[in-house]
Amino acid sequence: MVENPNTISVAESEIEIKAIRAQGSGGQNVNKVSSAIHLRYDIDASSLPEVYKERLLKLNDSRITREGIVVIKSQQYRTQEKNREEAVRRLQELVDSIAVLPPKRKPTKPTRISQKKRLESKTHRGQLKIMRKKSGEYPL
């Protein structure tokens with residue numbers, strides 16, 4: 001289990017990790033060493049509670065596919081172990097982000113003064129626009 005205190009735990013057995021070759025510069029070594037990590041996590045098949053699964057699937061995140069699979073690629077470090085830790089950390093961060101509900105918004109009424117200021121600024125803007133027009137277009 002990957003666990004942090006006061007967070008949702010993600011079971012390591014549900015994470016599929018594959019080593020791939022990293023992209024970019026790095027000389028000859030980059031062509032023969034698979035140091036990048038490709039992490040896949042199936043949300044539907046996971047042991048997360050249904051509420052969290054729904055929240056994850058509703059997230060507008062490019063790392064989540066239409067099929068409900070989280071795909072994270074890590075190639076920041078030169079070692080496979082560090083890239084693996086980084087990918088798992090990012091997955092945990094994503095899961096933790098949906099664990100806390102945003103606070104409910106309490107609708108408030110605009111004050112009378114703010115309503116008056118808004119209407120005055122609208123009429124002022126309209127007057128400016130009328131002043132800019134040529135005198136022959138709109139008779140006053």
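Select Lys-73 and display its surroundings: beyond the residues up to four places away in sequence, Lys-73 touches Ile-20, Gln-23, Ile-37, His-38 and Arg-90. The model is a predicted one, and in it Lys-73 belongs to strand β3. Is Lys-73 buried, partly exposed or exposed? Its relative accessibility is 32%, and Lys-73 therefore counts as partly exposed. Lys-18 and Lys-73 are 55 residues apart along the chain, and 9.7 Å separates their C-alpha atoms.

Move to Ser-74, which also has its place in strand β3. Ser-74 counts as buried because its relative accessibility is 0%, under the 20% limit for that class. Which backbone atom does the side chain of Ser-74 reach? The side chain extends to the backbone oxygen of Asn-83, at 3.1 Å. Neighbours within four places in sequence aside, the contacts of Ser-74 are Ala-36, Ile-37, Asn-83, Glu-86, Ala-87 and Arg-90.

Now widen the view to the strands. Three of them form an open sheet, ordered β1-β2-β3, with antiparallel pairing. At the edges are β1 (15-20) and β3, each of which pairs on one side only. From one strand to the next, the twist averages 15°. Strands β2 and β3 run antiparallel and are joined by six bridges.

Then bring helix α2 into view. α2 lies across β1, β2 and β3, and runs at about 140° to β3.

Finally, select the largest nonpolar core, which has 18 residues; Leu-39, Tyr-41, Leu-56, Val-70, Leu-91 and Val-95 touch the most other members. At least two residues of this core come from each of β2 (36-42), β3 (69-74) and α2 (80-99). Which element supplies the largest share of this core? The answer is α2, with six residues.

As a last stop, centre on Val-70. Its contacts, apart from neighbours within four places in sequence, are Leu-39, Arg-40, Tyr-41, Ile-43, Arg-63, Ile-64, Leu-91 and Leu-94. Among them, Leu-39, Tyr-41 and Leu-91 are also listed with Val-70 as core residues that touch the most other members.

Technical notes:
Residues numbered from 1 in each chain as written. Predicted model: local features only at pLDDT ≥ 70, side-chain atom pairs only at ≥ 80, totals over all residues. Heavy atoms only, no water. Core = buried A, V, L, I, M, F, W, Y, C linked by side-chain atoms within 4.5 Å. Buried < 20%, exposed > 50% of the residue type's maximum accessible area, 1.4 Å probe, protein only. Helix = DSSP H or I, 4+ residues; strand = E, 2+ residues; numbered from the N terminus. Contact = heavy atoms within 4.5 Å. Polar contact = N/O pair within 3.5 Å; in protein donor to acceptor, adjacent residues only side chain to side chain. Pairing = 2+ DSSP bridges. Axes fitted to C-alpha atoms, helices over the stretch in contact; angles between N-to-C directions.
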